[in-house]
Protein chains: 2
Amino acid sequence: MKRGLVYDTAVERNPAALRTCRQYLHWVQRSVFEGDLSAAQHRSLFAALRQQLDLSYDSVRVYRMGSPHLVEVETLGAELGHPDSVL
Amino acid sequence: MKRGLVYDTAVERNPAALRTCRQYLHWVQRSVFEGDLSAAQHRSLFAALRQQLDLSYDSVRVYRMGSPHLVEVETLGAELGHPDSVL
């Protein structure tokens, strides 16, 4: 299923979160990712992030798009991410 | 219509972008907002951001949710934003 993910972590945990999210999703903006994840991939991504983050401080927010064709994305300014972002 | 907004700006333009987005949407995480916008509010938000940002460098990404009930939000870790986030 299509997903958007945003995270807000302490600066020292940012590189680890970036590396992990990049293994599963497309980077489209600082701390913002998009992509397709199976339920198993979703679980494994969350398991990896649980190991790396301080969940009392850091925050990860995932948007599961039930019907991605109903989600329009509009960019103002620079297109930072992958040219063929997945949404 | 329900919207998610993320921005990635040069640090010196961050406070202005934060102030502007807060006038229209709920802050849920650093540089991440959610909320309901009419077409007129959307235009006025973008007009304000155009004034404040360097669109050759900064990036704003808006997700228009055609059917928000099909968008599930899952948070891992701290719930940073407004308790009754809008999605």
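Biologist: Against which elements do the buried residues of α2(A) pack?

Modeller: Please keep in mind that this is a predicted model. The buried residues of α2(A) pack against β1 (2-8), α1 (14-24) and β4 (59-65) of chain A, and also against β5 (71-77) of chain B.

Biologist: Which residues of α2(A) are buried?

Modeller: They are A:His42, A:Leu45, A:Phe46 and A:Leu49. These residues cover an arc of only 95° around the axis, which puts them on the same side of α2(A). On the other side of α2(A), A:Arg43 and A:Gln51 are exposed.

Biologist: How is the relation between chain A and chain B to be read?

Modeller: Two copies of a chain are related by a rotation about an axis and a shift along it. Here, a rotation of 180° with 0.0 Å of shift along its axis superposes chain B on chain A, with an RMSD of 0.0 Å. That is the relation of a two-fold axis.

Biologist: In what order do the strands of the open sheet stand?

Modeller: Strands of a sheet pair through backbone hydrogen bonds, either parallel or antiparallel. In this open sheet, 5 strands follow the order β5(A)-β4(B)-β1(B)-β3(B)-β2(B), with antiparallel pairing. At the edges stand β5 (71-77) of chain A and β2 (26-29) of chain B, each with a single partner strand, so one side of each is left without a neighbour in the sheet.

Biologist: How many bridges join β5(A) to β4 of chain B?

Modeller: There are 7 bridges between these antiparallel strands. In β4(B), B:Ser59 is the bridge partner of A:Gly77.

Technical notes:
Residues numbered from 1 in each chain as written. Chains lettered and ligands numbered in written order. Predicted model: local features only at pLDDT ≥ 70, side-chain atom pairs only at ≥ 80, totals over all residues. Heavy atoms only, no water. Buried < 20%, exposed > 50% of the residue type's maximum accessible area, 1.4 Å probe, protein only. Helix = DSSP H or I, 4+ residues; strand = E, 2+ residues; numbered from the N terminus. Arc of directions from axis to C-beta. Contact = heavy atoms within 4.5 Å. Least-squares fit on C-alpha atoms with pLDDT ≥ 70 in both. Pairing = 2+ DSSP bridges.
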